[in-house]
Each structure stands twice: as structure tokens, then as C-alpha cells.
Amino acid sequence: MEIKRGIPVSPGVAIGPALVVDTEGFRIPQRFIDRKQRRDEVQRLREAIKAAALEARDNQDAISAKLGKKYGDIFAAHAVFMQDQTLVGEMEALVKEQDHAAEYAVSRVIRRHAKALESLTDTRFSSRAADLFDIEKSILRHLLGERGELISHLKEPVVVLAHDLTPSETAALDPKMVFAFATESGGRASHTAIMAGVLEIPAVVGLGRFLTDVSGGDEIIVDGNRGVLILNPDEETRKRYEQARQVFGTFATGLTELRDKPALTKDNIRVTLHGNIEFPQEAQHCLERGADGVGLYRTEFLYLNKKTDPTEEEHYEAYGTVVRALGGKPVVIRTLDLGADKFATQVEKSHLERNPFLGLRSVRLCLRNLTLFKTQMRAILRASSLGNVRMMFPMVSTLLELRQCKMILAEVKEDLEEEGISFQRKLPIGTMIEVPSAAIMADEFAREVDFFSIGTNDLVQYTLAADRTNETVAALYNPGDPAVLRLLRMVIDAAQKNNIEVSVCGEMSGEPIYTMLLLGLGLRQLSVTPQNIPEIKKIVRSITIDEAKKVAQEVSRLETARDVNNYLREITRRILPEVVS
Ligand code: PEP
Ligand code: MG
């Protein structure tokens, strides 16, 4: 048994067999076939080898033309190797005589030969082992297809283990087939992590290296509450986690009773709990959890698996679905926040940036591409006539940027008016506060908008200069850091002074340990991943605002993120022992 610790990003406990995905392709599960399939499996193996050999010949021609015959010959040797009758005979024998799946047969035979070569002291031979691994990869790619396709077409439930998963790969996971996932890299507010919450798949990221210690089919436990991964658990641990899974399940079911109760503190102060969504169908998740509305609709997911920009109608259809489903409850539609670790537009794909988190992302990109921006604004405005819509701009760093956004919006409104298309003239406009410059200038910003939504995911990253997706700086990336909390206080105070609404929509607002602090700082509105709504409501209903204020006061005296988090964890554990360890 091996225990690894990482960053919990989506709650729940799961136990199941591993499917290991490495950076280049798939590690091979030790899979067996039915006797009756032997002939078909041999055929599948032969076809894959043939395709891989053809590919090697193509590479030979291309590389010879580009770099010279000497280099092209490497691929010629690959093609010869792949069709070596001894090698192929050994692979086929494993299928025909021992019922091994083709992938496993390829891996076993090639790795055995590669190991033998590696053990030779003469480097002329030992370096050939690398060629064999290349050949293995190439044949496996033909047997297994692209990794994205494979993980999105699973036939049996598994725990997915990977070095990393992109947000689109994660979005393609089927929650019925993936009990949980765990990755070596990634941070607590990466979009892969957010996607895990959306799909409600328990997940742990940022575990550091572990893939070399695990094989496909090994039993795995993922504890998404505490950020623990266990490889090959012993009997006692397994039993303990079976129980933990049940306890968590009962606790989660118990929370559903809160659905129709208001988020009211013990001293009768009403807190508004909104949901964060990425896909239109999630509007339903919000309603099922008793949300008061949608506080953040991330629209960049319209770009998922798309080669071209979405049309106005595609935008409108998505927004219309959400607005109608919410039936009069507010829906905050955020304009495109593309770039960095989110999906790319055609413009971005053609322009590689050295530092994408500080580059042409989000509203900066929209202001450079007015067709894109105006198309989306038209759709949002049109959807505003269907219900209670608000528009919000992300990643605004300066007042000038905000004013430019508002000017463009005014132009779009005029166009619609001229065309006789109906929309809400007084649609509330808000800005995200997620860049330190905007937090510092919050007082000025507050005079120009109807509401603020604090994006702590980015605010933490930019305040502490710690990449939100990078596990090696995960200890620095901390919403409880006193520097971040000072900025939060400034923004909340500015909003109150100017009499505008303020909410937090970063992942911090869905983490139970921060609820009391946020209420104590003066917030009365939070927007969280729908699955976190019941937990947060439970805390709200268990405290008074006076208690929350005392917590905020106590925290303001602490000097490090570690002290803040330890203190908050301690007091929250008393209310929610099931989720706070
Ligand atoms: C944030 O930065 O906190 C936020 C909510 O926006 P996103 O996570 O989409 O960048
Ligand atoms: Mg953000």
C-alpha cells in the first residue's frame, strides 16, 4: 500500500480499478480476452502493426527529405523491426496461447527485448532500447487511438490516473464511468479542478510523481475530501474507506433536506447563495441544490471542442436555456474569459504567448476582437428579454478597459434598438475584481458598475505571483493569505460605501472553512459550484453574524496563511466534521 497527498479539488470518496494515462499515451492494463476472440484479436494486432510500419515508412520519406537519408533510416529500421517475424510471432503467441489482449502482448514482448538490450554494456546496443520503446508507442497508438478518445469512451468504471488532464479532456469524462480522478500536476483553482466540481467527480490533483508506481487495474482509493490517494490499499484501509464513503454519502443525502430552506443565519440575516455554471444543463443542478440564481455563467465553455467561434445564435440558445430554466432568478452571464488555461480562439492558437496568464486573455482579447465581443453582447442582450439577466466583464485591470467595454456595449444596444430587437435597457452591469490593480482601485470601479464579483481564483494567483495550475507553488497559492484578505476587505468596503452589490465567485467561496470569514468581512452573497451549496448553507444556518464578525476580527490579527487556515479549519470542524479534517 502506498499513500500520496495532494490537493483536494472535488469532494467524495471513491474506490476502483486504475486506468493509467501517461503523458504520451496509455499504460497498458493487464487485460485478457475471451478465448473466442483470439482470432479477431490477432487480426487487430496485425492491422495495428501494419499501420504503424506504414507510418514509419512515411516518416522515413519525410525525414530523409528534410534532414537527410541518415536520419530517415532510423524510421526505416523501425519499420523493419515492427515486421520482424520473431517479434511478431512472440506477440501473436501471447494472444493465441495465453489470451492476452493485443496491447498487453505488444508491451510485454517489446519491453522484454528492450530490457535485455538495456542490460548490455555496449552502448551501441543499449541505446537501441529507446527505439524499441518508440516502436511500442507507435503500435499502441494504433491499437488504442488517441488518449482523449479512449478516456471519453470507457466501457467499465475506473479511477483515472494521469500526469495531467486538460480541461477539455476532463469535460469529456463520463461521471458514470469515472469514479474519480487523480493527477500528478495541477493546482486547486485550475480549470481541470473546476471541471471536476462541475461533473461532481471526486478528484485530487498536484500529487507529484506516482504514475511509475502504479499499473492499470491496481485498486485505488481517491479521497477528494482530504486530498489523499491510496495505491493498493490493505484490507483494513479499504474497510475504513468503505465506511468513510458511506458516511459521506449519508451526510450528502442529509444535506438535501436543506434544499428548500433559506440560507438564513441564526440571527435571521439572509445570505444569497448562487451557483457557478459552465454548461446550460447545469442550471438544473443549481435549482436542485436550492440556489437563489446563477452568480457566474462561464461562457468560454461554448468553445469546447469547437474549431470556429460560436455564432450569435449558438450564444443566444445557450443563454436562453439557462435564463428560462431559472424562471426569473438572476443569471450573471460573464463575457468571454478565453486564454491562459481556458479554451483558445483561432486568434490565440496562431499566437503563442510566453506568459499566457499575463497575456492577451479574457477581456483584453475581446477588446482586440470586437466582432467576437459584439456577437456575444448581442446574444446576452437578446437573452435579457427572457428573464433576469446581468452582464459581467472578467479580468478588467484598469478603469479605461472597463469604460471601453461599456462604450462597446452602448454601441451594441444602439444597433439592436435600430434593428427593433428587444432587450432590457437597464440590464445591470458588473465587473469581476480579480486583478490586484482593480482591487486597489475598487472605490473608483464601484462608481461605474452595478455590482462586483470577486474572482479569488485569479486574485490569489496575481497577488501572490503563484500560478493557479502549478502544483509546485500550491503552498504559496492560498486564499487565506493575509495579503489576499486585505484586498478582499478593501473591495467589500468600497462596494458597501458605494452601495453596490458584491459577491465572491472564486473557489474560495465554496470552501466551507472560509464561509464564516467571508460573512464576517461583510459579504451577504456568494456564488459557488452547485455541489457545494448545501454545505455552505449548512454553515450559514449554524452561525450568527456576530460570531462571523469575531472570526474576521481574529483572522485580521494573524500574519500567515498557515495560521489563518489552521484557525478557520478548527472552528469550521465543529460545524462540519464530515468535510473538514
Ligand atoms: C476567478 O478567477 O475566481 C473566477 C471565478 O474566474 P475563473 O476561475 O473562471 O478564472
Ligand atoms: Mg478568473
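## Domains

The protein is divided into three domains: domain 1 (2-27 + 150-251), domain 2 (35-147) and domain 3 (268-432 + 504-579). Keep in mind as you read on that this is a predicted model. Between the C-alpha centres of domain 1 and domain 2 the distance is 31 Å.

Let us turn to the ligands.

A polar atom in the Glu434 side chain is 2.9 Å from an oxygen atom of ligand 1. For Arg468, an N or O atom of the side chain lies 2.8 Å from an oxygen atom of ligand 1. Thr456 takes part through its backbone, where a polar atom is 3.1 Å from an oxygen atom of ligand 1.

In soluble globular proteins, nonpolar side chains tend to be buried together. Here the largest nonpolar core has 98 residues, and the ones with the most contacts inside it are Tyr319, Phe373, Met391, Phe393, Phe452 and Leu568. Another core, of 30 residues, lies apart from it and includes Leu45, Ala48, Ala102 and Ala129.

Leaving aside neighbours within four places in sequence, Phe373 is in contact with Thr335, Val363, Cys366, Leu367, Phe393, Cys405 and Ile408.

Is Glu41 buried or exposed? Glu41, in helix H1 (residues 38-67), is buried, because its relative accessible area of 7% falls under 20%. Not counting residues up to four places away in sequence, Glu41 touches Arg31, Ile33, Val95, His100, Ala101, Ala102 and Glu103. Ala102 is also among the residues of the 30-residue core.

Glu90 lies in helix H3 (residues 85-98) and is partly exposed, with a relative accessible area of 21%. Its contacts, setting aside neighbours within four places in sequence, are Val109, Arg112 and His113. With His113 the contact is a polar one between side chains, at 3.1 Å.

## Positive phi angles

Most residues other than glycine have a negative phi. Which residues have a positive value here? Among them are Glu200, with a phi of about 60°, and Asn499, with phi near 60°.

Each of these residues is found in a loop. For Glu200 this is the loop between helix H9 (191-199) and strand E6 (203-205), and for Asn499 the loop between helix H20 (482-497) and strand E15 (501-504). Glu200 is partly exposed, with a relative accessible area of 28%, whereas Asn499 is exposed, with a relative accessible area of 71%.

Terms used:
Residues numbered from 1 in each chain as written. Chains lettered and ligands numbered in written order. Predicted model: local features only at pLDDT ≥ 70, side-chain atom pairs only at ≥ 80, totals over all residues. Heavy atoms only, no water. Core = buried A, V, L, I, M, F, W, Y, C linked by side-chain atoms within 4.5 Å. Buried < 20%, exposed > 50% of the residue type's maximum accessible area, 1.4 Å probe, protein only. Contact = heavy atoms within 4.5 Å. Domains from an automatic or database assignment. Polar contact = N/O pair within 3.5 Å; in protein donor to acceptor, adjacent residues only side chain to side chain. Helix = DSSP H or I, 4+ residues; strand = E, 2+ residues; numbered from the N terminus.
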